[in-house]
Amino acid sequence: MATVMRFVNRSTLNLAMGQQHLAFHSAAKAGLRAGQALPEKVKIVEVGPRDGLQNEKTIVPTETKIHLIDMLSDSGLKAIEATSFVSPKWVPQMADQLEVMKGIRRKPGVSYPVLTPNLKGFQAALKAGASEVAIFGAASELFSKKNINCSVDESLQRFDEVMKAAKEAGVPVRGYVSCVLGCPYEGEVAPEKVAHVAKRLYSMGCYEISLGDTIGVGNPGSMSEMLQAVSREVPVSALAVHCHDTYGQALANILVALQMGISVVDSSIAGLGGCPYAQGASGNVATEDVVYMLHGLGIQTGVDLSKLMDAGAFICRTINRKTNSKVAQATCKL
Amino acid sequence: MGNVPTTVKHCLSYEQVIQDYPWLRRWLLEEKTITGHEYPEFVKIVEVGPRDGLQNEKEIVPTRVKIQLIDMLSGTGLPVIEATSFVSSKWVPQMADHTDVLRGIQRAPHVQYPVLTPNMQGFQDAVAAGATEVAVFGSASESFSKKNINCSIDESMLRFEEVINAAKERQIPVRGYVSCVVGCPHEGHIEPSKVAEVAKRLYEMGCYEVSLGDTIGVGTPGSMFKMLQSVMKEVPTSALAVHCHDTYGQALPNILTALQMGVCVVDSAVAGLGGCPYAQGSSGNVSTEDVLYMLHGMGIETGVNLAKVIEAGDFICRALCCKTNSRVAQASSRTL
């Protein structure tokens, strides 16, 4: 009843003008929210050459990887995850880590982070000329145990060593949190747990924390809730989102993240990298589709979409695979 | 109640307020808030797979398959299922069996089965076949109108006026569609004011709802927002629907933007049936399964059972020997 009273009082002037005016008033209010301040610029972190190719069935030849990274460098991307210094025993697709690092043409102003799961990997990366590294924690205990055979706390302790060494070497470290919106083993993941892990990585010294919806189950509702919890512990300017498109929700989730102040988005050229938990389903969101949306919103990325699409076409041709990018599918057939 | 002023009367009786201002009910529904954004509590899904979807498939689908699809969809909780189109079979051979389909389906109570009626002939045939709701479609682009239905927007509106008037006489509700609302394959950019003008005409002629279609899927949340802002100045939000195509992967963020602006009716097609006739091999309609996944995840009610829609999608894809366009269906069938 109180709502009715408030409403009727508020709109006594409008009542005379009828339904249309009221609709406009509400629309303007809602419209403001829908069109509320989005970041002017968004940094895209291209994870195709690492996260993408790591999850592809075919093992890609070194010169293909190098050529892909060089094409991506030319497209205007400012961060390209080049490779991973994990033991080739675990990740054979990344066995050529040294050759890739030495072979790529590094564009000035572009960073080429590499994954370093432990001190040994970090040292190898440094030797290979890496100037930025990345570490990763999980928001789910079960996922951590099944993926890297230790608890979340234990994994963060391992990374302490890497952090110390990186600080000494003056090398920035990016942190990843996986399973932020759901876990293939645990199911639901509490936003507070995500916030806890993100905060730890940030206080350990990571300059940026990328929040990964590893199995793509997130939706705009769960994304907002999780970001609300995390942004209470870590400044929004240090957060990134890494959305998977397994259930087609990635772009909607990214939009909501942008509306909450996030200005760093991970994506993968041609949507490389399927989902290891839902065989045949898609994984990473396609960089082309993300850039299309951002440019449509008037947000600057510094990326040339047509050069990006060239890189996507190249890698799909070479590994004989159809692109997962809808923009690429649509554009090449007009 | 004698000389008691209206506001006092309203203070004393909520029922009286609603009786005097029936449109207030919509605004008094509790709005769902997710971090600063208000979303509708309930979204009506208009399932266009059997018409818009199948019409754009290359293969002509047998009548019994269409009927079975619609019957399966009728059991999912979908409130509206666009059944067929009373267009001349010369132009749209896939819909030649319109009368048989409409007569053959098992109509579920509380479900609407609108049919497309581009002109009086189509309308009369539809009524003869038992149609209880019809739809007309205009374009926001002159070139698209000329190339698609061989007349200008104004001429098409005159045709629709005939249909709408005839429908009014029989108390048959009419839904209006506007195509090319954020881009045209021939003209490119479309002015939001033009979309608003066409939507307004359809609404004022008597369409109870106007569905705004991103026909070639080029829209993004940016262009969607501008277009809706313009249309909402002329047509009440409660009478608007969005019909997004996923050709560039933008459908879900576009729908999300529309929801944030108060739109609460969304068109979609089971399994994302219906490719894009303007970008061969590309996807067209957004898939109902993916839309439902998003809405349900956000706590928005639709009354629809997602699992049953996935089943209907599986059925039609098997029948058409094609892969589903729905990511949710792809993931659900393969989860380890």
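A charge is taken to sit over a ring if NZ of Lys or CZ of Arg is within 6 Å of the ring centre and within 35 degrees of the ring normal. By that rule A:Arg174 lies over the face of A:Tyr176, at 5.2 Å from the ring centre. In chain B, the charged end of B:Arg175 sits over the ring of B:Tyr177, 5.2 Å from its centre.

This is a predicted model, in which local features need pLDDT of at least 70 and side-chain atom pairs count only at pLDDT 80 or more, while totals for chains, interfaces and linings use all residues. Residues are numbered from 1 along each chain as its sequence is written, chains are lettered from A and ligands numbered from 1 in the order in which they are written, and side-chain values use heavy atoms, with hydrogens and water left out.

A:Arg174 and A:Tyr176 belong to one face of strand 6 of chain A, together with A:Ser178. Helices (H or I, at least four residues) and strands (E, at least two) are DSSP runs, numbered from the N terminus. In a regular strand the side chains alternate between the two faces of the sheet. Buried means under 20% relative accessible area, exposed over 50%, and partly exposed in between (1.4 Å probe, protein chains only). Because 6 of the 6 residues of strand 6 (residues 173–178) of chain A are buried, this strand is largely enclosed by the rest of the structure.

Two strands pair if DSSP finds at least two bridges between them. Strand 5 (residues 133–138) of chain A runs parallel to strand 6 of chain A, joined by 6 bridges; A:Ile135 has A:Gly175 as its bridge partner. Strand 6 of chain A also pairs in the parallel sense with strand 7 (residues 208–213) of chain A, over 4 bridges.

Aromatic contacts come next. Rings of Phe, Tyr and Trp (its six-membered ring) pair if their centres lie within 6.5 Å; planes under 30 degrees apart count as stacked, over 60 as edge-to-face and the rest as tilted. There are 5 aromatic pairs over all chains. One of them joins A:Phe143 and A:Tyr185, with centres 6.2 Å apart and planes at 40°, so the pair is tilted. A:Phe143 lies in helix 8 (residues 141–148) of chain A and A:Tyr185 in the loop between strand 6 and helix 10 of chain A, so the pair ties together parts 42 residues apart in sequence. A:Phe143 is buried at 5% relative accessible area, whereas A:Tyr185 is partly exposed at 37%.
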